[in-house]
Amino acid sequence: MTDLLVKLFVKDYENIENEKVRTAYGVLSSIVGICCNVLLFAVKVVIGTILGSIAVVADAFNNLSDAFSSIISFVGVKLASRPADKEHPFGHGRYEYIAAFIVACLVIEVGFTFIKSAADKILHPEAVTFSTISVIILCLSILVKLWLGLFNRKLGNRINSSVMKATSADALGDVLTTAATIVSLLIYRILGWNVDGIVGLLVAVVVVFAGINIAKDTIRPLLGERPDPEIYKMLEEKVEAYDGIVGTHDLIIHNYGPTRSMATIHAEVSNKEDIETSHELIDKIEREVTKETGIFLVIHMDPVDVEDPFVIEWRERVYKLIREMDANISAHDFRMVKGKEQINLIFDIVVPYDYNIEKTHQFIIDLEARIRQIDSRCQCVITIDHSFCDTQE
């Protein structure tokens, strides 16, 4: 069914990098979500009113909030598809994250509303009317929600949409809450226990936590989350694959939406190479990697000495010392200023985030002491860095 809908309503559906195609996926997801949730709301609110069940009514209004969520998703996808302009040179892709966050807030609000209603139901229980046809309809509701959740998950994974993934998680959570509602009705039918308020409270709590989890997932990219280690590693390998590049470091990836990213990286080149030749190489890498990956790449060129045996020996010696002291620490940008009375070793070290100021300071003291044991003339000029991605995971 999912593939059929995609083929019918998304033109050129395989070209998922195209903004128009991506928007079409979002529109399809939103319209399907609106139709399914409005239908479920209407059916459940009628059933819940007839049965006098707060759990069923809570589930119904949860579906209505999902319909509003689909509308917000629709608006968010449309806004995110707007091209870059003077005020937003990197486009409007983050509107999609904002839309997903609004969806999460709606889910949380609905959950808290029905926590209050369920609590009142527990304190002042009312009779519940059992109806076999109502249970059957609720079971059909589960099937609809299950399909809707899998539908959005598939589309969300296909185009990497945070809104669709959030909608999918919400729908699959509804499957559990509706199932709990059915269980409460069956318990009343079989045992005569009125647990409607308790189940309604549990349903509401699940809804709140689902909303909180969705909010967390959408806030991360807005704040600036750690990039995918696979993408991080891929960009490093592509740049380092070019002849003339000695090494890379300080890769930073900025996300401006699911399909809009830019990256900056430091690329080491030989300081003996002609500056214009190195600059031409850097320009070539920027163009080719940007075209191949879709990530706008900016490269900072770092000249390093790759011919002086004395510099090479000391660079390897220092890097080896650092690895021996802590394998989680690395170094880069090694340079030397040689003199008869003093030798300056200039380099950066990348320390883990769990290194506080005191621990980092002690590491530098110990490293400098080991280096001076080798040659007392050595003085270290060290810059502290942090990695923007843990590629060890």
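This is a predicted model: local features need pLDDT of at least 70, side-chain atom pairs count only at pLDDT 80 or more; totals for chains, interfaces and linings use all residues.
1. Surface patch. Met1, Leu4, Leu8 and Phe9 together make a nonpolar surface patch of about 490 Å². Phe9 belongs to helix H1, which spans residues 2-9. With a relative accessibility of 55%, Phe9 counts as exposed, because the cut-off for that class is over 50%.

2. Aromatic pairs. The structure contains five aromatic pairs. In one of them, Phe90 and Tyr256 are stacked, because their ring centres are 4.3 Å apart and their planes stand at 10°. Phe90 is in the loop between helix H3 (54-80) and helix H4 (95-123), and Tyr256 is in the loop between strand E1 (247-255) and strand E2 (261-270), so this pair ties together parts that are 166 residues apart in sequence. Both residues are in the intermediate class of accessibility: Phe90 is partly exposed at 35%, and Tyr256 is partly exposed at 21%.

3. A second stacked pair. The rings of Phe334 and Phe347 have their centres 6.0 Å apart and their planes at 20°, so this pair is stacked as well. Phe334 lies in strand E4 (residues 330-338) and Phe347 in strand E5 (residues 343-351); the pair therefore ties together parts that are 13 residues apart in sequence. Phe334 is buried, with a relative accessible area of 2%, and Phe347 is likewise buried, at 0%. Ring pairs also bring in Tyr319, which forms a cluster with Phe334 and Phe347.

4. In soluble globular proteins, nonpolar side chains tend to be buried together. Here the largest nonpolar core has 23 residues, and Phe334 and Phe347 are among those with the most contacts inside it, along with Val318, Ile322, Leu345, Ile349 and Ile371. At least two residues of this core come from each of helix H10 (309-325), E4, E5, helix H11 (357-374) and strand E6 (378-386). The largest share, six residues, is supplied by H10.

5. A charge over a ring. The charged end of Arg317 sits over the ring of Trp314, at 4.6 Å from the centre of that ring.

6. Eight salt bridges are found in a search of the whole structure. One of the salt bridges joins Arg22 and Glu96, whose closest N and O atoms are 3.2 Å apart. Arg22 lies in helix H2 (residues 19-51) and Glu96 in helix H4, so the pair ties together parts that are 74 residues apart in sequence. Arg22 counts as buried at 6% relative accessibility, as does Glu96 at 4%.

7. Further salt bridges. Lys338 forms a salt bridge with Asp308, with the closest N and O atoms 2.7 Å apart. This pair links distant parts of the chain, since Lys338 is in strand E4 and Asp308 is in the loop between strand E3 (295-304) and H10, 30 residues apart. Lys338 counts as partly exposed, at 47% relative accessibility. Asp375 and Arg377 form another salt bridge, in which the closest N and O atoms are 2.9 Å apart. Asp375 is buried, with a relative accessible area of 15%, whereas Arg377 is partly exposed at 30%.

Methods:
Residues are numbered from 1 along each chain as its sequence is written. Side-chain values use heavy atoms; hydrogens and water are left out. Patches are made of residues with over 30% relative accessible area and no salt bridge: like charges are joined within 9 Å, nonpolar side chains (Val, Leu, Ile, Met, Phe, Trp, Tyr) within 5 Å. Accessible areas come from the Shrake-Rupley method with a 1.4 Å probe; for residues, only the protein chains shown count as cover. A salt bridge is a side-chain nitrogen of Lys or Arg within 4 Å of a carboxyl oxygen of Asp or Glu. Helices (H or I, at least four residues) and strands (E, at least two) are DSSP runs, numbered from the N terminus. Buried means under 20% relative accessible area, exposed over 50%, partly exposed in between (1.4 Å probe, protein chains only). Rings of Phe, Tyr and Trp (its six-membered ring) pair if their centres lie within 6.5 Å; planes under 30 degrees apart count as stacked, over 60 as edge-to-face and the rest as tilted. A charge sits over a ring if NZ of Lys or CZ of Arg is within 6 Å of the ring centre and within 35 degrees of the ring normal. A nonpolar core is a set of buried Ala, Val, Leu, Ile, Met, Phe, Trp, Tyr and Cys residues joined through side-chain atoms within 4.5 Å.
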